[in-house]
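Subject: A structure for you to explore

Hi there,

Here is the structure I promised to pass on to you. Have a look around it first, and then read my notes below.

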Amino acid sequence: MQAEHVDIAQFLSDHAPFDDLPEEAVNKLASQVEIAYFRAGTEILNYGEDIADLFVIRTGAVEIYRRDGDLYNRLTIGGIFGQMGLLMNRKVRFPAKALEDTLVYCINVELFNQYCDEYETFADFFEADGNVRLHQAIVEQADSNDLTTAKVKSLLHRDVVTVAKDASVQMVAQLMTQESVSSVLVTDADKPISDDPDDDDGQVVGIITDRDLRTSVIAEGLSYEAPAAQIMQKDLVLLDSNAYVFEAVLAMLRDNIHHLPVVVKKKPIGVISLSDILRYESQSSLLLVRGILAQQSVEDLAHYARQLPNVFVRMVNEDANSHMIGTAMAVIGRTFKQRLLDLAEEKFGPPPVPYCFIALGSMARDEQLIVTDQDNAIILDNSFNEEFHDEYFQNLADFVCDGLAECGYKYCEGEIMASFKKWRLTREQWKEQFAGWMAEPKPQALLHSSIFFDLDGVYGKNKWADELKRFIATEGRKNKRFLANLAANARNRTPPLGFFKDFVLEHNGQHKRSMNLKRRGTAPLSDVIRVHALAIGSRKQNSFERLEDIIEAKLLPEGKAQDLRDALEYIAMIRIRHQAWQIEKLDEAPDNDLEPHLLSPFEQRNLKEAFAILDKAQNFLKFRYSANSGMK
Amino acid sequence: MAKQGAKLDWPTRYQQLLAQSKQPLIKAFYESAICDLNTPISDIPLVALDFETTGLNYQNDDIVSVGLIPFNTKRIFCKDSQHWIVQPRRKLAEESIVIHGITHSEVSDAPDFSTIMAPLLAALKGKVIVVHFAPIERHFLYQALQARLGEGLEFAVIDTLDLETRALKAKQGLLGRLFNSKLDSVRLADSRIRYSLPAYQNHNALNDATATAELLQAQIAYHYRPDTPLSELLI
């Protein structure tokens, strides 16, 4: 027979989460607790000690501390503590001290777990408890995730409107008016859709929007009889009807276009417009991009850039994945550069020789987050003459780099910025530079490889950037010694896992014991992926896209590339959510330093697994790209 | 019978009692009694004991309920607590009904004390008994067993009332003693207030035993070190 502890039961039933438990459950709990008294000023829990109980304060007051001694919380009657320790290897995470004489009820961990299993509201209380916890910010990627699971076809609400390519522009305008649409797709009957013999319209070859009628017909005084093909936009980005909504967002962001034809096996079924997406997706990274282009001065841009953290947080809260957030942030970064270059050219006049402004590193990979340096350079036309032209490009580069710094993109500590003369080279010089780095892989060159070997054109002659990518892709794979050195270099930054698969924490200025998710996680993963990508001559820059090429090339043992993708996504998302949490909940500057005890045991386990994949992948590099294997 | 407040050589006394005892239940208690009085209090298994009685006169009154709860200086173990209502051989006085919250019908359905002797002694065995105001538990338990087994039980106790009196006297100081200033109340509920312990609503033997255990933890936290030898607390 369990003796009844009426007073304890009564107390518990007056306090959450016990107030939601059935009466018998409360009585049972009351008959099972242990009671302990702590005189004011005494330690209740010391960091790192074993912990086997949940504590409920019956009388008194308790202060909870962070490990570094900072006060974390002050609890009084009915307050609960110790749950973090119970959820984390049963070691005390937050030391506790009696502020006043305190009587506590201790609920054994077995009982605690049993009650969590049996009573949902009880478990929920500890899941969503009032303590500020990263746990809340870092929830499992929701399966109800709208942006990443919804398909574009779900946004199509009307039948597609098409015209033949030889229809007159007047007919096009009449059709658009009649159908109340802002765009029509242009089809070519000469290009039949092979899967559908009944179709006689043919494939989509272009699109005409309201704007095209205005700018290409009316403004140009074009004959109304001119054929549609003459004014249509031919550089089409077609979306498959099975594409996800976020892919449509990515496509629009990347190319700054507002209409995307949707096709099923080349047969047009509709058009997704910017407004369809905006109606669907409120986070409005697209609007931010448009807004950047409308700013008229560096001051305006800098002011406008203050919205960026909010856009970032909103995307995170809407469960965008890391690829999408990385792309959105990179596109936004790129747009700042483009707008600054517009303003620079307004100020300093048109360039004396053509050039291409390139982004390097994470921005080129579409993996940029909110905390980022500016890494950039300029490719100059081969006709560049230092004596006559350099001053112009120095001014232009200074203007852009200073402007970026004002917009929150910190100066690159490694001096990899277009404002340094050594990173303004002609097309030929750049090729020589890359050839030199690949032929003579000195440590400095290898350091550069993780930044320069991810590059993307931002402004001007962007095809020169593509040309360089092509050059790197063809030359890199041929050079075994370069790949071996690159592989060795990619093993330098190890994941923060100890011998017993525990987290290895580092001391770092502000955050005393934390791990750097970028330096020890996403960056070395990108390094590993870059080696494989260069080995197969992939010209992709984004790590996820590189992995697709790597999978297709069957370079790695079955499933390994997929593991890398999962690991990268997981670590990247933890990093992203950590930053969003810092911005939103703590109102502090985001960083990459995570204190792992802020994660749930489940998340810690996943994170360890992700790091273990990185560890294995680094070891694999040793075998795959050793200088010897190149001799075979 | 040991007298209240007198310091007795308990190990020797237990040896004598063991030698004289005829009853296996009582023998077992003496055999397992803690004999090293130098043991630090933090290493001692304790059990708080409380009786509700029909009155204060152990010769005329009888036990109505028994509450006990094992504990040590760190934790009080509710899951091992016990609470029994027994049939007194005296009629329940009207005023005690209110205090205990035990009604005539509850008592009339209750078994005789003899049915709880074995589990009671088993729960006390090997532990140091803690009470608030020792004479009640000492006399009533002695009498109840004497009446049924023909042999009473003597036992060492830690009396929280005794400890509280000592603490208040120490606080009162020499001057206070010389002027014979009045000590604060050492009743259980009043003593608990001095340590910010909560006021319990329901008065039954188990609640009071629990309240006594909490009080001892608080007293030790305030007035003693964890390595205080048992002998210093025992009476």
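This is a predicted model: local features need pLDDT of at least 70, side-chain atom pairs count only at pLDDT 80 or more; totals for chains, interfaces and linings use all residues.

Strands of a sheet pair through backbone hydrogen bonds, either parallel or antiparallel. Strand β15 (residues 355-360) of chain A runs antiparallel to β16(A), and 5 bridges join the two. With strand β17 (residues 424-426) of chain A, β16(A) runs parallel, and 3 bridges join that pair. If you follow the chain from β16(A) through helix α17 (residues 386-406) to β17(A), you trace a right-handed β-α-β unit.

In soluble globular proteins, nonpolar side chains tend to be buried together. The largest nonpolar core here has 135 residues, and Ile379(A) is one of those with the most contacts inside it, along with Ile358(A), Val531(A), Leu564(A) and Ile571(A). Helix α24 (residues 560-586) of chain A contributes the most to this core, giving 12 residues. Another core lies apart from it, with 100 residues, including Ile57(A), Phe29(B), Ala156(B) and Leu216(B). Ile358(A) is worth a click: leaving aside neighbours within four places in sequence, its contacts include Asn376(A), Ala377(A) and Ile379(A), as well as Leu455(A) and Ala465(A).

Helix α24(A) also has a packing partner. Two packed helices are described by the angle between their axes and the distance between the axes. For helix α23 (residues 543-552) of chain A and α24(A), the angle is about 170° and the axes are 9 Å apart. That makes the two helices roughly antiparallel. On the α23(A) side the contact is made by Ser543(A), Phe544(A), Leu547(A), Ile550(A) and Ile551(A), and on the α24(A) side by Ala561(A), Leu564(A), Arg565(A) and Leu568(A).

Elsewhere in chain A there is an open sheet of 3 strands in the order β9-β10-β11, with mixed pairing. Its edge strands are β9 (162-164) and β11 (203-209), each pairing on one side only. From one strand to the next the twist averages 35°. β9(A) pairs with β10 (residues 183-188) in the parallel sense over 3 bridges, and Val163(A) has Val186(A) as its bridge partner in β10(A).

Finally, chain B. Which secondary structure does chain B have? Its count comes to 9 helices and 6 strands. Of its 235 residues, 41% count as buried. Where the chains meet, 21 residues of chain A are in contact with 23 residues of chain B. On the chain A side, the elements giving two or more residues are α1 (6-13), α2 (23-32), β1 (34-38), β3 (53-59) and β8 (102-108). Of these, β1(A) gives the most, with 4 residues.

Enjoy exploring, and write back with any questions!

Best wishes

Notes. Residues are numbered from 1 along each chain as its sequence is written. Chains are lettered from A and ligands numbered from 1 in the order in which they are written. Two strands pair if DSSP finds at least two bridges between them. Axes are lines fitted to C-alpha atoms, for helices over the stretch in contact, and angles run from 0 to 180 degrees between N-to-C directions. A residue is buried if 20 or more other C-beta atoms lie within 10 Å of its own, exposed if 12 or fewer, and partly exposed in between; C-beta atoms are placed from the backbone. A crossover is right-handed if, with the strands pointing away from the viewer, the path from the first strand over the helix to the second runs clockwise. A nonpolar core is a set of buried Ala, Val, Leu, Ile, Met, Phe, Trp, Tyr and Cys residues joined through C-beta atoms within 7 Å. Two residues are in contact if their C-beta atoms, placed from the backbone, lie within 7 Å. Angles under 35 degrees count as roughly parallel, over 145 as roughly antiparallel, 65 to 115 as roughly perpendicular and the rest as oblique.
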